[in-house]
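The sequence and the model come first, and the description follows.

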Amino acid sequence: MSIPTTIGWAHHSMPPHALAYNVVPARQSLARPMPPAAEQPVPAPKARKVQWSQPVRDYVQRAFAAENALEGIGQEEMQTKLKQVISYFAERDMLDTIDWERHPLPQHLIAEERQAAAMASTMNGYGWTNNAVPIHLSFPTGTTNTASSPPSSKKRKSMDDQLTEPAEEAIPPWRKANRNAFEDRITYSHGPNDKRHKKNDFNAGNGSSKFSQADLEKRKARFRTEMPGNQTTPPWASPRNDSDSENPTGPVIGTNQELLKNYLRLTAPPKPETVRPQHVLEKTLELLKKKWRYESNYNYICDQFKSLRQDLTVQHIKNAFTVSVYEIHARIALEKGDLGEYNQCQTQLRALYSQKLGGHPAEFLAYRILYYVYTCNQTDMNDLLAELTPADKSQQAVKHALDVRSALALGNYHRFFRLYLAAPYMGAYLMDMFIERERLAALANISRAYMTVQLRFITDELGFDSDADCFEFLRSHGAQYLVIHAEGEPARVNVKDAKNLFEQLRAAAFKTVDIKGQI
Amino acid sequence: MQAALEPFRQAHRAMNGYEVADSLKPIAPRHDPGRLYTFYRASNAHQVESEIRYALKYSKSSGLTRNESSAWTEVLVSYWKAIGEILAIEEATNQGRLCDGQWTAVYDAWKEVTNNLIKHYSNGNLPAWTIVCLYVAGTYLRTFAIKADEQLAKAKGGVTFNSGFQDDVVDSMAKNEKLEDAARQLNRMFSLCIGDRNPIMESRKWGTYYMANLQFKTYFKLKAIGLSKNVVRSINASDLPPLENFPKSHQVTFKYYTGVLAFLQEDYAQAETHLTEAWRLCHKDATKNQELILTYLIPCRLVARHTVPTSALLAHFPHLQQLFSPLVTCIKRGDLSGFDNALIACEDEFVKRRIYLTLERTRDIALRNLLRKVFIAGGYEPLKEGQTDADRIRRTRIPVAEFAAAFRIGMSGEGTGQVLEDDEVECMIANMIYKGLLKGYISRERSMVVLNKKGAFPGTGV
């Protein structure tokens, strides 16, 4: 046993019989040594004849198992600790109430104490190690709080982090005395989990010392009964047994009731408290739809949808609702021309549709065709054509998209721009992605085949809303000089003079189609 | 076991790589249909290793070094196990009670054989002249992977869903788990061959093209054609002996695949070069392969050179004739709706072969031929004074309406539902001009197409 720990013990007046000897340390703090709790019987350990139950034996076995050995913690040290742990609970007749399977192994306890000790010594500079409490033993001490300063709730959270069940709900009030600032600082040194705890610790208010001893006891009892049934307690509550108790394949069952949540990429399985169940998500979707309609803040909406999708995923929700979430997100992404995000949804939808979960497969199939038209990916387009069934082809939207494809393949810009004006659903948004490119291609075409044409002809052929739009398009590509406004005659365009210009613009426009997350 | 290993030992003694590889095939040779069975029965799981080791090491005539002998032992033991799985599946199939995952077991067992071979080639225990064994391993690894995937797909649906904590629901669209794994193994074998630094006469480099071809085949099957480019790239960057020095079969297949790859990237000039070479090298009796080459070479030449295959050529390949001759006829005749129908009739086959989108573009030639007919039917300009018949020129100013009429012939047929606007006719003519199939310009005011007096349709004699 390391010296700091011993001091800590003494300081906190831990029941001395937990050790094989009595320590009488020099007093190092101004806090009064606490008298042993009155209601705590002190049985003579030696006299007891103990029948070890199976869980306890398993626990011991695990403690000795080679794979659980920790570097830097010797066998002897571990054994001493193990003895302490078991005898401590045995003396209190609590061997049966402890969840041995989850109880931290002695070597972990040692490691933790050491860490705390190290932390403390760096904090106060002279090795004052008050916080190096042997954590496993802090269970029901029942000492009264003599130094009564109100503990902060933050501390509670940090404790949640470090302790496993037996200890976590019973932080003796005295532990909180006088050391607020001190422990506060330690709180944040215990790993990445504390942020989450801050948000979700629903017990936060309970640890206050204003509760009477009776209250504390009652609460203790309450938690103890809950423990066995508390199966959903996720593994991240005890970072120690990550490896064996974690089962990443099981779906999380969310408990979060908040409608909105920012997206955060997960690097570990999420806590149920942070995940919203489907009935909440359904409300979220409605809210998001409304927000999109009235606020149209795309970045915000996209972020919200991503967290929505994440919640669906971690809970393994795959049904009509999932489909509608992806469909709506895909449509919003289309509307804003965010093809990267659209793409992700599209990929997911493809798989979801294959599971026959409803939704609008034809609509999105049509989008996919248009998307491949945009990316000019002949191989993918071919694969898609190979998948099409006659039933697919009879769908109006799919037929439209296929017509778009063939019109472009045959260079029939006349038909292409007619189709552009008649695109069903949100096809026009996708076609917007390549409409400029195709206009340039058509102009390259026209400029070789005609000498001069009316501006109105180009407006009509290339699907512009008005002559002004058409002129603006020409102007933005540096071709306004072609347009001749003669008195009393409709405006004409000398297309022939710009055939090289249009050819260059066309080639440049087709050169790169670069989309984030391209499928 | 001594007797069962005799073919292997004979082949090894004769230093005949192909025969050594034959003795490692997971199918029985025609002259000895019971070979697998005999081989498997020659031992049992308990003793197989020691028996094979003994047979290889202590027989008088083996002449194997210690390392090579233990390498072959390991290979042969895993081979023996794989044969066990294969016989089990044969039996189960015959009795009609094939279990789920049985092909996976075969695949895994065969993968073990492959891994042992890879291991011992890479640490130099096996001589390069036996590299053919690697071919056998790779070929059957691919076959078994496909079978295993078929069985897996039947057992569970296509899509796998995410079970971790990723952002999205669906994990991947992959339903070719084993074949993807096989592709990785093939890639290892490919690197094993291409990266060999031994003197060229005893180098595994000679296996490079065979492995590359297997990879192409696998990537095409996986619809991951893009990955083939990496193979081509690393071959181009390596210091392999010239392709002509490799076995012809390797050359033909490699040329074929590089041709098809270029074809799919719409680089028809490259594609034509490679495919023509493959066609030239292809064995005269390998009709299946010739047919495959022509499947791409014909569309390639149609698009790039506007040359149609002769009926004499197509006559040799009934299947190709059925696919291409209606198209070819319509192209020659300038029959647009006939062309469209022919394309639709074989659409599935064309799409499957990935030539649909290319063939679609040959409609331009049909269209050109149609316009040309109109031009020829338009006759000649009236002779001016002093001109003789030799001086007469064709009428080069043709009303758009005449072309439109030609378009509409045959288009009025029921079912097409296509109504052709005059603007659309103009658009198609503009396209012809743009693509250089037609020389001239359109005058919109007069609704006239003014054709070039000398060679309105380049390359067609008028």
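A salt bridge is counted here when a side-chain nitrogen of Lys or Arg lies within 4 Å of a carboxyl oxygen of Asp or Glu. The model is predicted. By this criterion, the structure holds 41 salt bridges over all chains.

**Chain B as a whole**

Chain B contains 21 helices and 5 strands. Of its 462 residues, 49% count as buried. Among the contacts in chain B with a separation of 6 or more, 63% come from residues 24 or more positions apart.

Side chains of opposite charge can pair when their charged atoms come close.

| Pair | N to O distance |
|---|---|
| Asp181(B) and Arg184(B) | 3.5 Å |
| Asp285(B) and Lys284(B) | 3.7 Å |
| Arg363(B) and Asp340(B) | 2.9 Å |

Asp181(B) and Arg184(B) both belong to helix 8 (residues 177-194) of chain B, where they are 3 residues apart, about one turn of the helix. Asp181(B) counts as buried because its relative accessibility is 13%, and the cut-off for buried is under 20%.

Are the two partners Asp285(B) and Lys284(B) buried or exposed? Asp285(B) is exposed, with a relative accessible area of 52%. Lys284(B) also counts as exposed, at 65% relative accessibility. The cut-off for exposed is over 50%.

The salt bridge between Arg363(B) and Asp340(B) has an N to O distance of 2.9 Å. Arg363(B) lies in helix 19 of chain B and Asp340(B) in helix 16 (residues 336-345), so this pair ties together parts that are 23 residues apart in sequence. Arg363(B) is buried, with a relative accessible area of 11%.

In chain A, salt bridges that share partners join Lys306(A), Arg309(A) and Glu341(A) into one network.

**A positive patch**

Which residues form a positive surface patch? The patch is made up of Lys384(B), Arg397(B), Arg446(B) and Lys453(B). Lys384(B) is located in the loop between helix 19 (363-377) and strand 3 (397-399) of chain B. Because its relative accessibility is 63%, Lys384(B) counts as exposed.

Definitions and conventions
Residues numbered from 1 in each chain as written. Chains lettered and ligands numbered in written order. Predicted model: local features only at pLDDT ≥ 70, side-chain atom pairs only at ≥ 80, totals over all residues. Heavy atoms only, no water. Helix = DSSP H or I, 4+ residues; strand = E, 2+ residues; numbered from the N terminus. Buried < 20%, exposed > 50% of the residue type's maximum accessible area, 1.4 Å probe, protein only. Contact = heavy atoms within 4.5 Å. Patch = residues over 30% accessible without salt bridge, like charges linked within 9 Å, V, L, I, M, F, W, Y side chains within 5 Å. Areas by Shrake-Rupley, 256 points an atom, 1.4 Å probe, with all protein chains shown as cover. Lys, Arg positive; Asp, Glu negative; His and termini not counted. Charge placed at Lys NZ, Arg CZ, Asp CG, Glu CD.
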